[in-house]
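This briefing is for a reader meeting the structure for the first time. Start with the view below, then work through the points by topic.

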Amino acid sequence: MMRTALCSLLAAALLVASPVRAEDTTIGFIYVGPKDDYGYNQAHHEGAEVVKAIPGVKILEEQKVPETLDVQKTMESMIELDGATVLFPTSFGYFDPHILTMAKKYPAVLFLHCGGMYDAAKHPKNVGSYFGYIDEGQFLNGIAAGFATKSGKLGFVAAKPIPQVLRNVNAFMLGAKLVNPKATTTVIFTGDWADPVKEAEASKQLIDGGADVLTAHVDSPKVIVQTAQERGIHVCGYHTNQAALAPTAYLTGAEWNWGTVYKAYADQIKSGAIAPDKDWGHLVRGGMKEGFVKMSAYGPDVTPEAKAKIEAVKAQMMAGAFSIFKGPLEDNKGKVVIPAGTTLAQTDPVLEQMSYLVAGVVGDTGR
Amino acid sequence: MATQGGTAMIAAPPPSVHLAPAEDGASAVASLRAALAPALRAFGLQSAVFLATLVIFGVFLLIIAGKNPLAVYADMWKGSFGTRFSQGATLAKAAPLMLTALCTALPARLGMVVIGNEGALLLGGLTGVVVAQLFGPDMPYVTIPAMLLGGGLAGGIWIALAGALRQFRGVNETISSLLLYYIGLALFNFCVEDLLRDPTSLNKPSTVPIGEANMIGAIQGLPAWFPEMHWGLVIGVVLCLVAAVVMDRSTFGFAARVVGGNVKAARLQGLPITAIVLITCLLAGAAAGMAGVVEMAVAEGKANASLAAGLGFSGILVAFVARQNPLAIIPVAIVFGGITASGGLVQRRHELPDATVDVFTGILFILVLASEVFANRGRQS
């Protein structure tokens with residue numbers, strides 16, 4: 001017992017004494033789906049590409065790694081066989097228990113997770129978590145959709161009725177309502193993060209029901225964007241830029257801007273500001289203002305009036321003077337969810353437990 | 001309903017070898033040699049198949065992907081069996097496949113083709129969570145076996161339903177077990193996202209956790225050079241061995257093979273066909289159900305969408321390549337696990353798509369199945 005303690009002390013001393021690691025830092029990126037999915041994984045891959053350009057950094061990428069024991073083995077493999085010292089396992093479900101297990105096993109490796117789940121009281125020091133307020137992008141999408149719709153009916157293809165998704169659906173609705181008070185949004189939950197067949201069916205069903213602008217929150221909105229283009233309606237993107245899939249139908253899109261975030265991480269790791277044994281900003285979040293999210297370039301059918309309104313709201317967001325969720329706000333069952341006079345800042349934890357759909361959304365959370 | 005002629009072919013090796021009465025001592029050596037000969041022939045055949053796969057896949061790499069096959073093979077070796085860590089990863093991937101493969105292999109002895117393994121796996125994992133909740137965290141030595149039994153029972157009942165539909169309603173078990181998978185998945189999702197959902201699991205709906213104490217952990221006290229492995233592997237290997245003994249050495253197994261060989265003859269012999277079908281399906285589903293418990297309790301410690309990772313479907317493939325032989329499932333699952341485990345390294349170091357190793361698996365397994373046809377033809381002529 002004593003000997004083990006001494007040994008680990010010695011090892012720790014050696015670790016501290018060893019100079020800041022020289023040139024090559026190996027950073028591993030792990031994706032749950034294909035890195036060219038026009039969606040969640042591509043957004044992270046584009047961020048990885050930015051890191052790749054930094055001198056003295058080597059990146060590793062592995063795609064389609066399920067949220068099972070498999071991802072633990074992939075993390076270990078990157079560490080053991082390829083010498084990775086920083087890992088970005090990017091899928092939400094990788095965190096608990098997979099990253100936490102590996103972080104305990106490899107205390108000298110940094111694990112940075114997308115999802116914003118870090119809890120300083122419970123989680124090890126070599127773990128960090130980040131996330132972005134992409135509902136700001138969906139709010140701006142909503143403004144574009146509110147201007148573009150003729151039927152007043154908007155459609156939203158969503159994966160599961162979980163807080164993150166509901167927040168996006170609600171932000172989209174509120175954005176549309178800001179400029180088009182009569183607009184409604186019909187939401188269909190496919191039940192799955194990646195199920196192109198159901199997503200295509202849902203898109204067609206929404207269009208047949210009269211929706212003339214679609215948007216989505218699934219891992220890859222590819223088929224939804226393509227369906228909108230084929231059927232001659234409009235679409236707002238999500239996760240990454242899908243304009244190439246719908247040259248005329250695309251209005252704008254809510255995109256992640258992981259390049260900024262990953263470069264900041266890489267720079268701080270290289271300078272030694274972030275290290276496994278230090279205290280650093282374990283939990284970071286940001287929106288438009290912080291450069292965590294951005295908007296796609298406008299498509300051809302966005303009117304100058306719509307552009308002006310979107311830019312005006314965006315400018316307020318950039319100045320930190322805009323709140324999406326403020327009272328009085330009712331859900332679609334007539335219950336007051338935010339009382340009059342209350343304004344929720346983006347950082348408010350209440351928003352992370354969202355369980356309702358706001359008035360104007362046609363759909364059911366199933367709870 | 002009579003057994004389909006086509007499926008009887010893949011059911012079992014000719015039963016003659018094991019049924020022969022005990023020989024006298026003098027011919028024991030000769031009989032040993034006779035018994036080993038097919039094994040040696042099989043080994044030679046499999047080696048040839050493996051070499052052929054290396055050549056075909058190498059050409060594929062060279063011409064289609066423009067990579068040096070030798071460099072890719074070196075990393076495939078490194079990522080599957082070449083290091084202690086890789087061996088551990090390989091075994092971790094192989095463990096659940098051994099169990100899910102049994103779900104197809106056991107009914108195959110009866111000439112049945114069951115493919116609903118994934119449904120039994122999901123319901124098994126879910127039941128494991130429920131059992132852990134009932135028993136609490138205080139006595140893992142009771143709780144973990146109870147979880148395995150409960151999960152096994154749930155999976156077993158699920159596949160036995162397919163057997164019952166076949167015996168009582170004449171429904172093809174391949175179709176019904178596949179459809180039962182869809183029902184099982186829907187039931188699983190309903191329980192995870194609604195009925196049994198942990199209210200604190202917000203963005204990834206999950207059941208309440210089984211608790212740290214009830215997790216199935218790594219095997220402790222192995223020598224340092226030994227690859228890391230968890231108890232799920234032991235369960236997989238033991239059940240494959242038990243299945244081999246039951247199916248090849250017991251009267252039950254003999255009866256099952258008679259049913260699989262000729263159902264009319266079995267009926268004339270007065271064998272309880274329905275009971276044999278139901279029991280076999282129950283055992284088969286139990287193996288897949290236990291796979292679900294193991295997968296749930298090794299990593300997540302709760303049931304959620306991660307459990308539906310397709311291990312049940314991979315098990316079908318393993319069973320067919322192992323020719324529905326429980327003993328052969330062990331090495332086939334390890335080879336399959338190894339190839340899958342090497343996929344990451346191949347992706348990272350050679351910038352090849354993740355499907356590359358699937359192509360390798362595809363070529364290998366098609367050649368294995370094809371070689372059987374050639375081997376049989378050679379024997380008959």
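A residue counts as buried when its relative accessible area is under 20%, as exposed when it is over 50%, and as partly exposed in between. B:Lys204 has a relative accessible area of 15%, so B:Lys204 is buried. The model is predicted.

**Where chain A meets chain B**

- The contact draws 33 residues from chain A and 32 residues from chain B.
- Together the two chains bury about 2700 Å². Carbon and sulfur atoms account for 50% of that area.
- There are 8 salt bridges between chain A and chain B. A:Asp70 and B:Lys93 form a salt bridge through their side chains, with N to O at 3.1 Å.
- α3(A) gives the most, with 11 residues.
- By class, the chain A side has 8 nonpolar, 10 polar and 15 charged residues.

**B:Lys204, a residue at the chain contact**

- B:Lys204 sits in the loop between α8 and α9 of chain B.
- What does B:Lys204 touch, not counting residues up to four places away in sequence? From chain A, the list holds A:Glu67, A:Phe92 and A:Gly93. From chain B, it holds B:Glu300, B:Asn304 and B:Ser306.
- The side chain of B:Lys204 makes a polar contact of 2.6 Å with the side chain of A:Glu67.
- Within chain B, the side chain of B:Lys204 also makes a polar contact with the side chain of B:Ser306, at 2.6 Å.

**B:Ala224, in the loop between α8 and α9**

- B:Ala224 lies in the loop between α8 (173-195) and α9 (231-249) of chain B.
- Is B:Ala224 buried or exposed? The relative accessible area of B:Ala224 is 67%, so B:Ala224 is exposed.
- B:Ala224 and B:Val335 are 111 residues apart along the chain, and their C-alpha atoms are separated by 23 Å.

**Two domains in chain A**

- Chain A divides into domain 1 (6-133 + 257-286) and domain 2 (140-254 + 299-362).
- The domain centres, taken over C-alpha atoms, are 31 Å apart.
- In the contact between them, 12 residues of domain 1 meet 16 residues of domain 2.
- The two domains bury about 1100 Å² between them, and carbon and sulfur atoms give 55% of it.
- Which three residues supply more than any other three of the area that domain 1 buries against domain 2? They are A:Tyr38, A:Tyr40 and A:Tyr133, with 56% of it.
- Across this interface there is 1 salt bridge.
- A:Arg285 forms a salt bridge with A:Glu352, with the closest N and O atoms 3.3 Å apart.
- Helix α2 (residues 40-52) of chain A gives the most to the domain 1 side, with 4 residues.
- That side divides into 7 nonpolar, 2 polar and 3 charged residues.

- A:Gln229 lies in helix α8 (residues 222-230) of chain A.
- With a relative accessibility of 23%, A:Gln229 counts as partly exposed.
- Leaving aside neighbours within four places in sequence, A:Gln229 is in contact with A:Leu245, A:Ala246, A:Pro247, A:Thr248 and A:Ala249.
- A polar atom of the A:Gln229 side chain lies 2.9 Å from the backbone nitrogen of A:Ala249.
- The C-alpha atoms of A:Gln229 and A:Gly341 are separated by 41 Å, and the two residues are 112 places apart along the chain.

**Backbone details**

- A:Asp96 and A:Pro97 are joined by a cis peptide bond, with omega about 10°. A:Pro97 has its place in helix α4 of chain A.
- Another cis peptide bond joins A:Gly327 and A:Pro328, with omega about -5°. A:Pro328 lies in the loop between α10 (304-318) and β13 (329-330) of chain A.
- A:Lys64 is not a glycine, yet has a positive phi of about 55°. A:Lys64 is found in the loop between β2 and α3 of chain A. A:Lys64 is partly exposed, at a relative accessible area of 45%.
- B:Gln324, also a residue other than glycine, has a positive phi near 60°. B:Gln324 lies in the loop between α13 (311-321) and α14 (326-350) of chain B. The relative accessible area of B:Gln324 is 2%, so B:Gln324 is buried.

Terms used
Residues are numbered from 1 along each chain as its sequence is written. Chains are lettered from A and ligands numbered from 1 in the order in which they are written. This is a predicted model: local features need pLDDT of at least 70, side-chain atom pairs count only at pLDDT 80 or more; totals for chains, interfaces and linings use all residues. Side-chain values use heavy atoms; hydrogens and water are left out. Contact means heavy atoms within 4.5 Å. Buried area is the accessible area (1.4 Å probe) that two parts lose on being put together, summed over both. A salt bridge is a side-chain nitrogen of Lys or Arg within 4 Å of a carboxyl oxygen of Asp or Glu. Helices (H or I, at least four residues) and strands (E, at least two) are DSSP runs, numbered from the N terminus. Ala, Val, Leu, Ile, Met, Phe, Trp, Tyr, Cys and Pro count as nonpolar, Asp, Glu, Lys and Arg as charged, and the others, Gly among them, as polar. Domain bounds come from an automatic or database domain assignment. Buried means under 20% relative accessible area, exposed over 50%, partly exposed in between (1.4 Å probe, protein chains only). A polar contact is a pair of N or O atoms within 3.5 Å; within protein, one must be able to donate a hydrogen and the other to accept it, and residues adjacent in sequence count only if both atoms are side-chain atoms.
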